[in-house]
Amino acid sequence: MKIGYRTIKTALGTPFAIWIAQMLQLENFASAGILTILCIQITRKRSFLSAWHRFSACLLAMGFSFAFFELLGYNPISIGLMLFAFIPATVWFKITPGIVTSSVIILHLYGSGDIGWSIIWNEVLLITVGIGTALLLNLYMPSLEKKLNQYRKQVESNFSIILREIAQFLRNGDNDWTGKELTETANLLEKAKSLSYRDVENHLLRSHNHFYHYFHMRTKQFELLERMLPLVSRISSSDIHGIRMAEFFDDLADAVHPGNTAVIYLRMLKEMKEDFREDRLPETREEFEVRASLFHLLNEIEDYLIIKRSFKKSDV
(Lines give C-alpha, C1' and ligand atoms only; values in the text may rest on other atoms or scores of the structure.)
Protein backbone atom coordinates (compact mmCIF):
# COMPACT_ATOMS: atom_id res chain seq x y z
CA MET A 1 0.00 0.00 0.00
CA LYS A 2 1.42 3.37 -1.04
CA ILE A 3 1.48 6.11 1.58
CA GLY A 4 0.94 9.59 0.14
CA TYR A 5 2.57 12.85 1.16
CA ARG A 6 -0.69 14.13 2.61
CA THR A 7 -0.85 11.13 4.96
CA ILE A 8 2.75 11.65 6.03
CA LYS A 9 2.15 15.35 6.68
CA THR A 10 -0.96 14.58 8.72
CA ALA A 11 0.87 11.93 10.76
CA LEU A 12 3.75 14.33 11.49
CA GLY A 13 1.82 17.57 11.86
CA THR A 14 -0.93 16.39 14.21
CA PRO A 15 1.28 15.28 17.12
CA PHE A 16 3.58 18.26 16.56
CA ALA A 17 0.68 20.73 16.85
CA ILE A 18 -0.60 18.97 19.99
CA TRP A 19 2.90 19.03 21.49
CA ILE A 20 3.26 22.78 20.83
CA ALA A 21 -0.18 23.42 22.35
CA GLN A 22 0.78 21.37 25.42
CA MET A 23 4.04 23.27 25.75
CA LEU A 24 2.04 26.52 25.75
CA GLN A 25 -0.25 25.01 28.41
CA LEU A 26 -3.38 25.67 26.37
CA GLU A 27 -6.82 24.40 27.32
CA ASN A 28 -8.21 21.76 24.92
CA PHE A 29 -4.70 21.33 23.48
CA ALA A 30 -5.72 18.20 21.52
CA SER A 31 -7.91 20.40 19.31
CA ALA A 32 -4.75 21.88 17.76
CA GLY A 33 -4.21 18.47 16.17
CA ILE A 34 -7.77 18.44 14.82
CA LEU A 35 -7.24 21.85 13.24
CA THR A 36 -4.02 20.63 11.61
CA ILE A 37 -5.76 17.56 10.15
CA LEU A 38 -8.50 19.72 8.66
CA CYS A 39 -6.01 22.12 7.06
CA ILE A 40 -3.65 19.68 5.30
CA GLN A 41 -4.14 20.22 1.54
CA ILE A 42 -2.72 18.81 -1.70
CA THR A 43 -1.50 22.15 -3.18
CA ARG A 44 0.07 25.34 -1.84
CA LYS A 45 -2.72 27.52 -3.20
CA ARG A 46 -5.41 25.41 -1.54
CA SER A 47 -3.35 25.46 1.65
CA PHE A 48 -3.27 29.25 1.85
CA LEU A 49 -6.96 29.50 0.95
CA SER A 50 -7.83 26.87 3.53
CA ALA A 51 -5.83 28.68 6.22
CA TRP A 52 -7.54 31.98 5.39
CA HIS A 53 -11.04 30.47 5.34
CA ARG A 54 -10.61 28.58 8.61
CA PHE A 55 -8.86 31.35 10.52
CA SER A 56 -11.47 33.93 9.44
CA ALA A 57 -14.36 31.59 10.24
CA CYS A 58 -12.94 30.86 13.69
CA LEU A 59 -12.62 34.56 14.53
CA LEU A 60 -16.16 35.15 13.27
CA ALA A 61 -17.39 32.19 15.33
CA MET A 62 -15.88 33.66 18.48
CA GLY A 63 -17.77 36.91 17.93
CA PHE A 64 -21.07 35.13 17.31
CA SER A 65 -20.53 32.80 20.28
CA PHE A 66 -19.88 35.67 22.67
CA ALA A 67 -22.99 37.54 21.49
CA PHE A 68 -25.41 34.60 21.57
CA PHE A 69 -24.13 32.75 24.64
CA GLU A 70 -23.86 35.86 26.79
CA LEU A 71 -27.28 37.14 25.75
CA LEU A 72 -29.26 33.87 25.57
CA GLY A 73 -27.28 31.72 27.97
CA TYR A 74 -25.14 28.64 27.63
CA ASN A 75 -27.72 26.11 26.46
CA PRO A 76 -28.33 23.96 23.33
CA ILE A 77 -31.01 26.34 22.03
CA SER A 78 -28.41 29.16 21.95
CA ILE A 79 -26.11 26.98 19.83
CA GLY A 80 -28.93 26.27 17.36
CA LEU A 81 -29.93 29.91 17.06
CA MET A 82 -26.32 30.98 16.72
CA LEU A 83 -25.72 28.52 13.87
CA PHE A 84 -28.81 29.87 12.09
CA ALA A 85 -27.04 33.24 11.97
CA PHE A 86 -23.41 32.10 11.76
CA ILE A 87 -23.62 29.75 8.74
CA PRO A 88 -25.32 32.32 6.43
CA ALA A 89 -22.66 34.82 7.55
CA THR A 90 -19.86 32.47 6.42
CA VAL A 91 -21.63 32.10 3.07
CA TRP A 92 -21.84 35.88 2.72
CA PHE A 93 -18.13 36.29 3.58
CA LYS A 94 -17.27 33.31 1.30
CA ILE A 95 -15.51 31.36 4.05
CA THR A 96 -17.79 28.31 4.22
CA PRO A 97 -14.83 25.81 4.22
CA GLY A 98 -14.12 27.08 7.74
CA ILE A 99 -17.49 26.02 9.20
CA VAL A 100 -16.27 22.62 10.48
CA THR A 101 -13.10 24.11 11.99
CA SER A 102 -14.98 26.92 13.68
CA SER A 103 -17.43 24.39 15.16
CA VAL A 104 -14.57 23.11 17.32
CA ILE A 105 -14.03 26.62 18.68
CA ILE A 106 -17.76 27.18 19.21
CA LEU A 107 -18.02 24.05 21.36
CA HIS A 108 -14.97 25.08 23.38
CA LEU A 109 -16.55 28.43 24.17
CA TYR A 110 -19.89 26.77 24.95
CA GLY A 111 -18.20 24.37 27.32
CA SER A 112 -16.35 27.17 29.14
CA GLY A 113 -19.61 28.56 30.52
CA ASP A 114 -18.10 32.05 30.65
CA ILE A 115 -16.32 33.72 27.74
CA GLY A 116 -13.53 35.95 29.00
CA TRP A 117 -10.34 37.33 27.54
CA SER A 118 -8.29 34.37 28.77
CA ILE A 119 -10.59 31.94 26.93
CA ILE A 120 -10.48 34.05 23.76
CA TRP A 121 -6.68 34.22 23.91
CA ASN A 122 -6.48 30.46 24.45
CA GLU A 123 -8.62 29.82 21.36
CA VAL A 124 -6.65 32.25 19.21
CA LEU A 125 -3.42 30.44 20.15
CA LEU A 126 -5.02 27.05 19.41
CA ILE A 127 -6.09 28.28 15.98
CA THR A 128 -2.65 29.74 15.30
CA VAL A 129 -0.82 26.56 16.32
CA GLY A 130 -3.16 24.17 14.49
CA ILE A 131 -3.52 26.11 11.24
CA GLY A 132 0.07 27.41 11.35
CA THR A 133 1.49 23.87 11.62
CA ALA A 134 -0.52 22.74 8.59
CA LEU A 135 0.53 25.83 6.64
CA LEU A 136 4.22 25.22 7.33
CA LEU A 137 3.95 21.56 6.29
CA ASN A 138 2.07 22.51 3.12
CA LEU A 139 4.89 24.79 2.01
CA TYR A 140 6.65 21.63 0.88
CA MET A 141 5.04 19.97 -2.11
CA PRO A 142 6.72 17.12 -4.03
CA SER A 143 7.67 17.89 -7.62
CA LEU A 144 5.19 16.59 -10.18
CA GLU A 145 7.49 17.17 -13.15
CA LYS A 146 8.72 13.56 -13.41
CA LYS A 147 5.20 12.14 -13.56
CA LEU A 148 4.05 14.85 -15.98
CA ASN A 149 6.96 14.04 -18.30
CA GLN A 150 5.95 10.37 -18.19
CA TYR A 151 2.42 11.31 -19.21
CA ARG A 152 3.81 13.50 -22.01
CA LYS A 153 5.92 10.67 -23.43
CA GLN A 154 3.01 8.21 -23.24
CA VAL A 155 0.64 10.61 -24.99
CA GLU A 156 3.18 11.35 -27.73
CA SER A 157 3.83 7.64 -28.24
CA ASN A 158 0.10 6.98 -28.63
CA PHE A 159 -0.27 9.92 -31.02
CA SER A 160 2.46 8.39 -33.19
CA ILE A 161 0.70 5.02 -33.20
CA ILE A 162 -2.65 6.58 -34.14
CA LEU A 163 -1.09 8.58 -36.98
CA ARG A 164 0.71 5.47 -38.30
CA GLU A 165 -2.52 3.48 -38.19
CA ILE A 166 -4.24 6.20 -40.23
CA ALA A 167 -1.38 6.05 -42.73
CA GLN A 168 -1.65 2.25 -42.85
CA PHE A 169 -5.38 2.42 -43.58
CA LEU A 170 -4.92 5.04 -46.31
CA ARG A 171 -2.26 2.85 -47.92
CA ASN A 172 -3.68 -0.66 -47.57
CA GLY A 173 -7.31 -0.33 -46.54
CA ASP A 174 -8.81 -2.09 -43.52
CA ASN A 175 -6.44 -3.52 -40.91
CA ASP A 176 -6.62 -5.31 -37.56
CA TRP A 177 -5.97 -2.26 -35.34
CA THR A 178 -8.00 -2.52 -32.12
CA GLY A 179 -7.97 1.23 -31.45
CA LYS A 180 -7.02 0.73 -27.78
CA GLU A 181 -4.68 3.73 -28.00
CA LEU A 182 -7.70 6.00 -28.38
CA THR A 183 -9.21 5.00 -25.04
CA GLU A 184 -5.80 4.94 -23.41
CA THR A 185 -4.93 8.42 -24.67
CA ALA A 186 -8.24 9.88 -23.50
CA ASN A 187 -7.57 8.53 -19.99
CA LEU A 188 -3.97 9.71 -20.03
CA LEU A 189 -4.98 13.24 -21.01
CA GLU A 190 -7.57 13.42 -18.23
CA LYS A 191 -5.03 12.33 -15.63
CA ALA A 192 -2.34 14.60 -17.05
CA LYS A 193 -4.60 17.68 -17.06
CA SER A 194 -5.68 17.01 -13.49
CA LEU A 195 -2.07 16.61 -12.36
CA SER A 196 -0.88 19.65 -14.30
CA TYR A 197 -3.61 21.74 -12.65
CA ARG A 198 -2.23 20.65 -9.28
CA ASP A 199 1.18 21.78 -10.50
CA VAL A 200 -0.32 25.19 -11.37
CA GLU A 201 -1.64 25.55 -7.80
CA ASN A 202 1.75 24.61 -6.35
CA HIS A 203 3.47 27.60 -8.02
CA LEU A 204 1.84 30.69 -6.57
CA LEU A 205 4.14 33.22 -8.26
CA ARG A 206 4.34 31.58 -11.69
CA SER A 207 1.97 33.10 -14.24
CA HIS A 208 2.54 30.44 -16.91
CA ASN A 209 2.56 26.65 -16.54
CA HIS A 210 3.99 24.85 -19.56
CA PHE A 211 2.56 21.40 -18.78
CA TYR A 212 -0.96 22.73 -18.29
CA HIS A 213 -0.91 24.44 -21.71
CA TYR A 214 0.84 21.48 -23.34
CA PHE A 215 -1.80 18.94 -22.32
CA HIS A 216 -4.57 21.38 -23.20
CA MET A 217 -3.04 21.63 -26.67
CA ARG A 218 -2.78 17.84 -26.99
CA THR A 219 -6.42 17.44 -25.90
CA LYS A 220 -7.59 19.70 -28.73
CA GLN A 221 -5.40 17.78 -31.19
CA PHE A 222 -6.76 14.46 -29.93
CA GLU A 223 -10.32 15.61 -30.57
CA LEU A 224 -9.31 16.26 -34.18
CA LEU A 225 -7.68 12.83 -34.50
CA GLU A 226 -10.93 11.23 -33.34
CA ARG A 227 -12.84 13.22 -35.96
CA MET A 228 -10.45 12.08 -38.69
CA LEU A 229 -11.05 8.35 -38.21
CA PRO A 230 -14.57 8.23 -39.76
CA LEU A 231 -13.23 10.21 -42.73
CA VAL A 232 -10.35 7.79 -43.24
CA SER A 233 -12.70 4.79 -43.20
CA ARG A 234 -14.49 6.20 -46.28
CA ILE A 235 -11.33 6.58 -48.38
CA SER A 236 -10.29 3.97 -50.94
CA SER A 237 -6.71 2.72 -50.67
CA SER A 238 -6.32 2.93 -54.47
CA ASP A 239 -6.59 6.74 -54.62
CA ILE A 240 -3.26 8.36 -55.53
CA HIS A 241 -3.88 11.30 -53.22
CA GLY A 242 -4.67 8.88 -50.40
CA ILE A 243 -1.28 7.17 -50.90
CA ARG A 244 0.48 10.53 -50.75
CA MET A 245 -1.41 11.48 -47.62
CA ALA A 246 -0.40 8.14 -46.07
CA GLU A 247 3.24 9.17 -46.49
CA PHE A 248 2.39 12.54 -44.96
CA PHE A 249 0.83 10.87 -41.90
CA ASP A 250 3.89 8.63 -41.54
CA ASP A 251 6.10 11.73 -41.49
CA LEU A 252 3.84 13.34 -38.89
CA ALA A 253 4.08 10.21 -36.72
CA ASP A 254 7.85 10.65 -36.61
CA ALA A 255 7.49 14.30 -35.60
CA VAL A 256 5.30 13.97 -32.48
CA HIS A 257 7.43 15.67 -29.85
CA PRO A 258 7.46 18.91 -27.78
CA GLY A 259 9.39 20.79 -30.46
CA ASN A 260 7.47 22.86 -32.98
CA THR A 261 7.88 21.66 -36.57
CA ALA A 262 4.29 22.42 -37.56
CA VAL A 263 5.33 25.20 -39.95
CA ILE A 264 7.20 22.70 -42.15
CA TYR A 265 4.21 20.37 -42.40
CA LEU A 266 1.78 23.20 -43.01
CA ARG A 267 3.89 24.16 -46.02
CA MET A 268 3.76 20.57 -47.31
CA LEU A 269 0.02 20.54 -46.72
CA LYS A 270 -0.40 23.69 -48.78
CA GLU A 271 1.38 22.01 -51.71
CA MET A 272 -0.90 18.98 -51.42
CA LYS A 273 -3.97 21.20 -51.53
CA GLU A 274 -2.67 22.89 -54.69
CA ASP A 275 -2.18 19.46 -56.30
CA PHE A 276 -5.79 18.65 -55.42
CA ARG A 277 -7.03 21.75 -57.20
CA GLU A 278 -4.91 21.12 -60.29
CA ASP A 279 -5.92 17.45 -60.62
CA ARG A 280 -8.71 16.36 -62.97
CA LEU A 281 -12.26 16.41 -61.67
CA PRO A 282 -13.79 13.14 -60.35
CA GLU A 283 -15.63 11.17 -63.05
CA THR A 284 -17.77 8.91 -60.85
CA ARG A 285 -19.81 9.36 -57.69
CA GLU A 286 -17.40 7.08 -55.80
CA GLU A 287 -14.39 9.13 -56.88
CA PHE A 288 -16.18 12.31 -55.86
CA GLU A 289 -16.98 10.96 -52.36
CA VAL A 290 -13.38 9.76 -51.85
CA ARG A 291 -11.98 13.10 -53.05
CA ALA A 292 -14.35 15.02 -50.75
CA SER A 293 -13.33 12.88 -47.77
CA LEU A 294 -9.64 13.39 -48.57
CA PHE A 295 -10.05 17.14 -48.85
CA HIS A 296 -11.99 17.20 -45.57
CA LEU A 297 -9.18 15.17 -44.01
CA LEU A 298 -6.66 17.73 -45.27
CA ASN A 299 -8.59 20.50 -43.54
CA GLU A 300 -8.74 18.53 -40.29
CA ILE A 301 -5.00 17.83 -40.26
CA GLU A 302 -4.39 21.49 -41.09
CA ASP A 303 -6.31 22.46 -37.94
CA TYR A 304 -4.26 19.86 -36.04
CA LEU A 305 -1.03 21.51 -37.17
CA ILE A 306 -2.27 25.05 -36.57
CA ILE A 307 -2.98 24.12 -32.94
CA LYS A 308 0.60 22.88 -32.59
CA ARG A 309 2.03 25.95 -34.34
CA SER A 310 0.36 28.21 -31.78
CA PHE A 311 2.15 26.32 -29.01
CA LYS A 312 5.65 27.71 -28.49
CA LYS A 313 8.60 25.35 -28.44
CA SER A 314 9.86 26.88 -25.21
CA ASP A 315 6.65 25.90 -23.43
CA VAL A 316 7.86 22.34 -22.80
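Analyst: Of the 13 residues lining the largest cavity, Leu252, Ala255, Tyr304, Leu305 and Lys308 sit nearest its centre. Here a cavity is a set of points on a 1 Å grid over the protein atoms alone where a 1.4 Å probe fits but cannot get out, and lining residues have an atom within 4 Å of a point. The volume comes to about 110 Å³, meaning the space filled by probe spheres set on the points, with points joined across faces, edges and corners. The structure holds one cavity of 30 Å³ or more.

Keep in mind that this is a predicted model, with local features needing pLDDT of at least 70 and side-chain atom pairs pLDDT 80 or more, while totals for chains, interfaces and linings use all residues. Residues are numbered from 1 along each chain as its sequence is written, and side-chain values use heavy atoms, without hydrogens and water.

Now the domains: the assignment, automatic or from a database, gives domain 1 (5–139) and domain 2 (144–311). Their centres, over C-alpha atoms, are 52 Å apart. Six residues from domain 1 and four from domain 2 make the contact (heavy atoms within 4.5 Å). About 590 Å² is buried between the two, 53% of it from carbon and sulfur atoms; that is accessible area (1.4 Å probe) lost on being put together, summed over both parts. Thr43, Arg44 and Lys45 lose the most on the domain 1 side, together 64% of what that side buries.

Conventions. On a 1 Å grid over the protein atoms alone, a cavity is a set of points where a 1.4 Å probe fits but cannot get out, and a pocket is an open set with protein on both sides within 12 Å along at least five of seven lines; lining residues have an atom within 4 Å of a point.
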